[in-house]
Amino acid sequence: MGGLKTHVLGLLMAMTCGTQALAGPDSSRDPARFFAACLGRLSATMEHEWLMGRDGELARDQRDIFVSLLDSVAPDSALSRADILHMRIEAKFAQAKLLQAASFHTDARQKRYAASLADRQIGHCTAMLLG
């Protein structure tokens with residue numbers, strides 16, 4: 001599917017899902033919060049893929065969609081640009097920490113828990129995107 005078509009379909013999906021798309025933890029009715037958190041998480045995932053010697057193409061493509069979604073709702077958000085950036089950075093840092101633990105922790109149980117939580121966090125984001 002072409003890049004522009006994917007972005008448009010993602011935006012339409014976000015608009016039709018309304019607050020149902022915001023069902024993930026730590027989200028509010030402001031879609032900018034959700035999109036900023038997803039953008040941060042996907043940025044961390046993309047960079048972790050690079051760290052592990054993979055191309056991270058899927059994470060990059062999904063991240064690009066959330067860039068467009070956030071850009072489209074940010075002007076109408078009650079959040080400042082600094083608040084949105086702060087949310088992105090916090091989510092990116094938290095996801096990176098989970099991914100590092102999932103890959104490098106010495107305790108197998110901790111690795112599984114971190115991997116499961118990282119997958120769940122990304123799943124909240126990617127569940128709203130079209131195929």
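Of the 131 residues in this protein, 37% are buried, meaning under 20% relative accessible area with a 1.4 Å probe and protein chains only. The model is a predicted one, in which local features need pLDDT of at least 70, side-chain atom pairs count only at pLDDT 80 or more, and totals for chains, interfaces and linings use all residues. Residues are numbered from 1 along each chain as its sequence is written, and side-chain values use heavy atoms, with hydrogens and water left out.

Let's start with the overall layout. The protein has five helices and zero strands, giving the pattern α-α-α-α-α along the sequence; helices here are DSSP runs of H or I with at least four residues, strands are runs of E with at least two, and both are numbered from the N terminus. Among contacts between residues at least 6 apart in sequence, 70% join residues at least 24 apart, where contact means heavy atoms within 4.5 Å.

Now follow helix H2 to its partners. Two packed helices are described by the angle between their axes and the distance between the axes. The axes of H2 (residues 31–51) and H4 (residues 81–104) come within 7 Å and cross at roughly 40°; axes are lines fitted to C-alpha atoms over the stretch in contact, with angles from 0 to 180 degrees between N-to-C directions. H2 and H4 are therefore oblique to each other, the class left over once angles under 35 degrees (roughly parallel), over 145 (roughly antiparallel) and 65 to 115 (roughly perpendicular) are set aside. Their contact involves 12 nonpolar, seven polar and five charged residues; Ala, Val, Leu, Ile, Met, Phe, Trp, Tyr, Cys and Pro count as nonpolar, Asp, Glu, Lys and Arg as charged, and the others, Gly among them, as polar.

H2 also packs with H5, at an angle of about 125° and with the axes 10 Å apart, which makes this pair oblique as well. Here Phe-34, Cys-38, Arg-41, Leu-42 and Thr-45 of H2 meet Gln-121, Ile-122, His-124 and Cys-125 of H5. This contact divides into five nonpolar residues, three polar and one charged.

Definitions and conventions:
Buried means under 20% relative accessible area, exposed over 50%, partly exposed in between (1.4 Å probe, protein chains only).
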